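Keep the structure open beside you as you read.

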Amino acid sequence: MTATSTAEHQEIAGLTYPTKRDEAWRYAPHDVLGQLSFGLSVGSARQLPPAFDASISALEGPRIVLINGVVDAERSDLSALPVGLRLSTFEDARRDQPELLAVHFDSDVDLSTDTFTALNIAFGSNGAVVHVTGGHAIDVPVQIVDIALPDETGSTSCSGVVIHLEEGASATVVETRIGDGDFGGSNTRTTISLGDQASLAHIVLQDIALTQVHLGRVDATQGAGSVLRSHLFNLGGRYGRVDYGVRLAGEGAKVELTGLYLGMGNQVLDQQVTVVHAAPDCTSRQSFRGILDDESTGVFNGGIDVRPGADGTDAEQSNDNLLLSDRAEANTQPRLEILADQVACKHGATVGQLDTDALYYLRTRGIPEAEARRLLVGGFADQVVDTVDNEILRTWITERVRRHDG
Amino acid sequence: MLHVENLTASIGGTPILNGLDLDVGSGGVHAIMGPNGSGKSTFAHALAGRDGYEIDGRATLDGVDLLDMEPEARAAAGVFVGFQYPVEIPGVNNMYFLRTALNSVRRARGETEIGARDFLAVAQEAMDLVEMKEDFLHRAVNAGFSGGEKKRNEILQMAVMEPRLAVLDETDSGLDIDALRIVASGVNALRRPERSMIVITHYQRLLDYIKPDFVHVLVDGRIVESGDHTLALHLDDHGYADFVNHDLDDAPERPLSGAAR
C-alpha cells in the first residue's frame, strides 16, 4: 500500500477520527485506531500462511479472494457459476454492471462523521459483486474472503462487497475477514439490496489476527416481502467492529440479525446495529450474544427506528452476555425510536456469569469442572451457531468458534 | 455399603442436618420420609457434594470417604443423585451430555471410553426403560422439558450411569399418575443386588410403586424412627405429627433455580 498523499487522500484529509464522545465509538480503543494508516491498495508480495489456504478451500463453491484490497485471481474461483449467479470483481462490474456499484459508492452515510466509511469509499476500489438475476435460487454458498497482510506502517486495507438479489431470488453469501502478521487491519463495507420476495442468508466471520483491527460495515435495503438472515461471528482483532444498517423499505420485509462475539485478552468486540422500519408490517429480530473472558470488552449498541407510517411493525431485540472473568466488561445500549402506530417492540439485555447450579448438576454426573465449564460456554455459543440453517456452514462455523471458546 | 454417621450440615450458620445416622446395605432400598424443611434435600445435596454447606461427620461408600471429594469424584465412586429440580441447560445436547458424563466416570475409573455407536445402544435401552422417544436425545438437557420429562430424564441418566448408590430426591413431586408409573417402573427395573437406593419422598404414594426394605423418618435433620414399609402406611394415615414436637411448616423447600437463560 501507499499511505502517501494521493488525490483521494487529500480530499479526505480534513476528516477527523471519532472520539470517546461519539456514542457509537465510546468503547473503541482510540489510541489503537490512531495508529492505523490508510492508502490505495497495492496488494502484498507476502506469502499467505498455509492455514489460510486450507481455510479458504474448506468451503466449496464460487469465491472471490481479496488480499490487502486487491483481487487474488489465483485463489478466486469464478468457474462453473450456477445459472442466475453473476459473481464478478469491481473491476469487471465497472464495465458490465455500473449501476450496482453506483449504489455502493453513493452511500447515505454522513461521511463527515463516519470517517472510516469515507476512507473505505476513497480507497476501497476493489471488491466483489454477487448478483442473482430474476428469481433464481442459488444453493451453493458464495464465499468472499478478505485477507489483511499489513506492512510495518499499520496499513489497513479497504474493500467492498455488493450483493444484489433481484425479485424472488435467493442465495447464501459467506464473508470471511481474516488477517495475519503485523499491526494494521481491514476496513470492509458491504451493500446489500434485496428485491421484492428475495431471500438472502448472509454470514460474516470476522476472525482477523488478535493484534489487528477490523472495521466492517453492512448496509442493507430490503424490498417488499424480502427476507434477510444475517449471522455475525465477531471473533478476532484487538478491535473487531461491525456496523449494521438495515432499511426495511418494502411492506412485509423481514430481517433477522444474530450475532456471537467471543472476547479474550484485551479484545474489544463492538457491534453497532440500526434497523429502520420504513414500511408497514415489517418484522425485525436482533439477537446478539457475547462471551467475554480476561479483560475483554463487548459492546452492543442496537437501534430500532420505526418511521411514520410503518404501522404493524414487529421488532425485537435481545443481547445476552456471559462474563467469564471479573475483569471482563459488557456494554449494552438499546435505542428505540417509534413514530408509528400498532407497533410491537420488545428489547431485553442480560449480563451474567456461568450458572453455578448448572455447573454443579454437570459435575454430579461425573463431568470434571473444567470440562463442565467448556460444555456450558459451548452451549451458550451453540444457540447462536444453531441459527445457521445450512448444515455444512454450521459445521464450518462451529469449528472456527471452538478455537476461540476452547 | 453406605455408612453415614453423625452427619451435620448447616448453611450460613443455620443448622439443617443435626447428626444423621444411616446404614444402607448392598441391594437395599431405603425410603426417607419427612415433612417439608426436615432436611431431606439437604441430605441428598450433602451426598452429591454441593458447595455452600458447612458439613461435618462421616459418609463413606464402600469404606471410601465421600465428604472430601469433589462432586465429579463422588460420581466416579458410584454416587448418583436424581434431583427434585433438574437444571435446564440450553444449548447442550442431551445425548452429548449423557455420553460425556458416562465417559468422564469411565475415564476417572481407568476404564476405556465408549464410542458413539456403542453408546447409542446404551442410550436406546435406557430410553425404552422410561418410555422416551428418540427426539428426546437430540434436545437440549431439560430445556423446555415438562416436569415429568425432567424426572424421566433423571432416571434415564441413572440407567446410563449404572451407579452403586442412587439417591432419588422427591422423584415423585410434580408427576401425574402416568408419569409416576413410568418413573417408578424405571426405578424398579434398575434394582440390582449390588446397587443401593435411597428414595426421598414427602408422600407415601411413591412407595405404592417402589417397595422399600426400610423406611426412615427424618425430622429436624435427624432420623427419628425407622421401620419396614408399614411405617410409611402409618405416616400416610397419621401424618408426621407423632414425630414432630412443634408446628409443621408447610412452606415449600427452596428449589434449585433454573439454568435457563
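In α7(B), the residues B:Ala179, B:Leu180, B:Ile182, B:Val183, B:Ala184, B:Gly186 and B:Val187 are buried, where buried means under 20% relative accessible area, exposed over 50% and partly exposed in between (1.4 Å probe, protein chains only). Before going further, please note that this is a predicted model, in which local features need pLDDT of at least 70 and side-chain atom pairs count only at pLDDT 80 or more, while totals for chains, interfaces and linings use all residues. Residues are numbered from 1 along each chain as its sequence is written, chains are lettered from A and ligands numbered from 1 in the order in which they are written, and side-chain values use heavy atoms, with hydrogens and water left out.

**The helix in chain B**

The cover over the buried residues of α7(B) includes the elements in this table. Helices (H or I, at least four residues) and strands (E, at least two) are DSSP runs, numbered from the N terminus.

| Covering element | Residues of chain B |
|---|---|
| α4 | 116-129 |
| α6 | 147-161 |
| β9 | 165-169 |
| β10 | 196-201 |

Helix α7 of chain B runs over residues 177-189 and spans 18 Å from its first C-alpha to its last, close to the 18 Å expected; the expected span is 1.5 Å times one less than the number of residues.

**A buried asparagine in chain A**

A:Asn301 sits in strand β16 (residues 297-306) of chain A. Is this residue buried or exposed? A:Asn301 is buried, with a relative accessible area of 3%. Its contacts (heavy atoms within 4.5 Å), leaving aside neighbours within four places in sequence, include A:Glu23, A:Ala24, A:Val273 and A:Arg335.

**Where the chains meet**

Between the chains, 25 residues of chain A are in contact with 36 residues of chain B. About 2,400 Å² is buried between chain A and chain B, with carbon and sulfur atoms giving 58%; buried area is the accessible area (1.4 Å probe) that two parts lose on being put together, summed over both. A:Tyr360, A:Tyr361 and A:Arg365 supply 34% of the area that chain A buries against chain B, more than any other three residues.

Five salt bridges are counted between chain A and chain B, each a side-chain nitrogen of Lys or Arg within 4 Å of a carboxyl oxygen of Asp or Glu. The side chains of A:Asp357 and B:Arg50 form a salt bridge at 3.1 Å, N to O.
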